[in-house]
Amino acid sequence: MLLLASAIASTIVIDAEASGAQAQTIDYDTFETMFGEPVTSSATGKPQRESELSADTQIITSDQISRMGANTIPGVLRMVAGLDVRRYGMIDENVSVRGNDAAGGSHTLVLLNGRQVYQDGYNFMDWGVLPAAIGDIRQIEIVRGPNSALYGFNASGGVINIVTRDPLYENRSFVSVKGGSQNYFGGSLVLSHKFSDFFAAKLTVDGMRSKEFTPGNAINVTPTVMTFKTALDLRGKITPNIDWLFSASASKERQALWLDFGSYVHTEPTMRSLIARIDADTSWGLFEIKAYSNRYSTENDLAVSALGENFPINFDYTTTTTVVQASDIIAVNNANDIRLGVEYRNTSLAAKSSGQLLGSQIENLAAASATWTWRIAPRLTMTTAFRLDALTIPTRSSRTIYPRINSDSFQYIEPTFNTKLRYDAVDAGIFGITVARGVQLPPLFDFSPSTMFGPVNFKSNSSLVPATTINVGADYSHRIPKLNANFTLALFAQRTNNMLGTPFATNFTFVPPAQILVSPHNYGRVDDIGGEAKLDGKTDFGLHWSISYAMASVRDLDQSSPINFQRQTPVNSVIGGVDYTRKKFEISTHARWQSHYQDVQANFKTLSLENAMVKNFVTINARIAWNFSKHFVISLNGNQLNAPSLRTTGGIRTQRQLIGMLKADF
């Protein structure tokens with residue numbers, strides 16, 4: 001065992017998560033073969049088997065992603081218990097963990113290989129520009145519940161970490177071509193090569209083009225949508241104990257984006273990213289330093305006719321986020337590990353209309369974190385994380401959002417924590433108890449001075465405060481040998497004070513003769529209780545099956561606001577799936593039933609927000625594939641096979657899709 005532990009330790013290096021938590025860059029194939037199950041390091045900074053994790057953490061493997069037959073990452077997440085995925089268009093989708101997504105702003109932090117791709121300038125996630133090919137994803141790690149102490153202030157609802165294949169450990173290349181309904185055409189090219197034990201590279205090119213779903217009566221719906229993404233990853237080792245990474249990516253899309261006030265806007269964003277990282281196994285611990293920069297720019301066009309007036313709204317904005325992180329994991333003794341981390345973050349935002357600068361704002365954030373893992377007994381472990389964020393924002397007006405430090409800036413300081421106690425009762429199962437405090441800051445746009453976007457007067461609100469969430473949870477997992485199955489159960493209760501949305505998630509009013517007034521605000525207190533239960537197993541003849549149930553019961557005290565998280569969160573969902581493999585053939589089907597909820601729609605006749613009822617519905621997806629040689633597979637994916645057209649949001653109706661794909665591995 002000592003030799004095995006030494007071999008394992010020699011294969012890992014440390015990769016700090018965005019916002020302070022670490023995810024080790026590990027040889028996933030080796031670990032997965034060794035333990036017979038998925039492995040992650042995003043929770044504690046050290047490799048852990050999926051069975052060692054709490055029930056509110058789930059890993060979706062590459063095989064599971066392939067069998068689901070989805071064309072987008074949110075399409076995969078739609079079949080995961082506890083996640084609410086709303087599809088407003090062909091590539092416009094919104095993902096939230098355990099509900100509370102009614103205002104359009106996401107409380108779920110999204111990472112790509114530990115680097116933040118979530119847009120905290122506007123508190124939302126643009127999935128269309130995420131620079132990864134779905135066929136190159138090694139696994140998707142889903143953490144339910146607030147985890148701000150581990151991942152940073154944006155992780156107030158949950159975390160989704162997307163892990164792509166590391167060319168230093170997985171030398172896999174492929175090309176794929178897709179085509180089908182709505183004139184869909186797309187494909188991927190991933191070229192990965194390991195030149196030596198000390199250098200490897202990977203080039204990724206991915207894109208698609210398609211007609212949008214039928215717009216119906218919706219306005220500003222883009223007829224044709226597209227995405228194009230490219231990335232270059234370079235990996236190497238300076239010595240056996242020191243390795244490095246450099247990555248550059250660029251993405252572009254065109255789509256109709258559903259804004260949180262209940263209407264579409266034509267948008268053409270681009271995103272560019274650079275990241276550099278060095279990891280070292282030293283006598284002082286496992287040390288890492290990482291720096292990255294994300295630049296997100298978009299052009300938006302919206303035309304509204306209301307009250308006898310025409311309102312052309314054209315505005316562009318650019319957000320740039322630069323982050324520097326350093327961390328160290330120290331093994332104090334056999335029973336205690338400590339991880340220390342620091343972070344500096346600078347975010348800037350500039351908005352324009354018709355080429356004229358409307359306003360700009362910057363913020364600087366410094367954070368320090370510590371995570372302590374204590375193995376109290378061989379089967380009892382406690383992990384405690386604490387983080388302190390300090391945000392400084394230079395003021396450009398006389399308004400005050402937080403107490404001033406001086407006349408030129410104000411500062412916001414907030415602590416967060418996560419504590420988990422885990423007990424392995426062997427044959428009786430694994431028990432866990434969690435207590436956490438999460439924080440979400442208002443989007444940077446809300447800090448900027450009052451701004452005019454054509455006829456829209458965006459008026460800043462000096463009373464905005466961060467949203468804070470207190471969460472308690474219990475989880476249980478148990479292996480059932482007679483069924484060759486696993487059972488997991490997670491229960492939670494949480495309270496969020498001063499709930500936040502995105503900048504436009506608010507009431508808007510018409511001011512004669514031709515002005516629309518918009519002002520952001522907090523939504524008050526929201527209470528949630530619920531949980532998830534899942535049973536999954538497999539047989540000796542190639543059949544995998546699973547069934548899960550999730551509940552998120554919300555109590556929103558403000559019943560008068562059109563934005564109401566109680567009415568706008570579906571309470572119940574049931575998900576089931578069956579996958580069967582027989583020699584060269586694969587067939588799978590997955591279904592989701594979801595209870596009713598209310599979404600938000602804009603009424604431009606009266607310039608007001610209205611609730612639109614979305615009745616409970618079923619979505620059935622299926623896939624059939626033939627591996628006609630060692631390196632070639634042809635497949636047919638069907639999404640929403642149960643209905644040619646279905647209303648799942650307040651936006652346009654989604655339509656049945658049939659997509660064929662030819663993939664070659666080499």
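**Figure 1. Hairpin of β14 and β15 in the predicted model.** Three residues lie between the strands of this hairpin, and G262 adopts a positive phi near 95°. Strand β14 runs antiparallel to strand β15 (residues 263–267), to which five bridges join it. Within this pairing, L257 is placed opposite V265 of β15.

**Figure 2. Pairing of β14 with β13 and β16.** Strand β13 (residues 224–239) and strand β14 (residues 242–259) are antiparallel and share 13 bridges. The hairpin that connects β13 to β14 passes through two residues. M226 has R254 in β14 as its bridge partner. Strand β14 is also joined by 11 bridges to strand β16 (residues 270–282), again in the antiparallel sense. Here S249 faces S273 in β16.

**Figure 3. Salt bridge between D243 and R235.** The two side chains meet with an N to O distance of 3.6 Å. D243 counts as buried because its relative accessibility is 0%. R235 is likewise classed as buried, because its relative accessibility is 2%.

**Figure 4. Salt bridges of R277 with D279 and E288.** The side chains of R277 and D279 meet at 2.8 Å, N to O. E288 also forms a salt bridge with R277, with 3.8 Å between the closest N and O atoms. This pair links distant parts of the chain, as E288 belongs to strand β17 (residues 285–306) and R277 to strand β16, 11 residues apart. R277 counts as buried at 5% relative accessibility, as does D279 at 0%. E288 is buried, with a relative accessible area of 0%.

**Figure 5. Network of salt bridges.** The residues linked in this network are D120, E343, R345, R387 and D389. The model has a count of 27 salt bridges.

Technical notes. Residues numbered from 1 in each chain as written. Predicted model: local features only at pLDDT ≥ 70, side-chain atom pairs only at ≥ 80, totals over all residues. Heavy atoms only, no water. Pairing = 2+ DSSP bridges. Helix = DSSP H or I, 4+ residues; strand = E, 2+ residues; numbered from the N terminus. Salt bridge = Lys/Arg side-chain N within 4 Å of Asp/Glu carboxyl O. Buried < 20%, exposed > 50% of the residue type's maximum accessible area, 1.4 Å probe, protein only.
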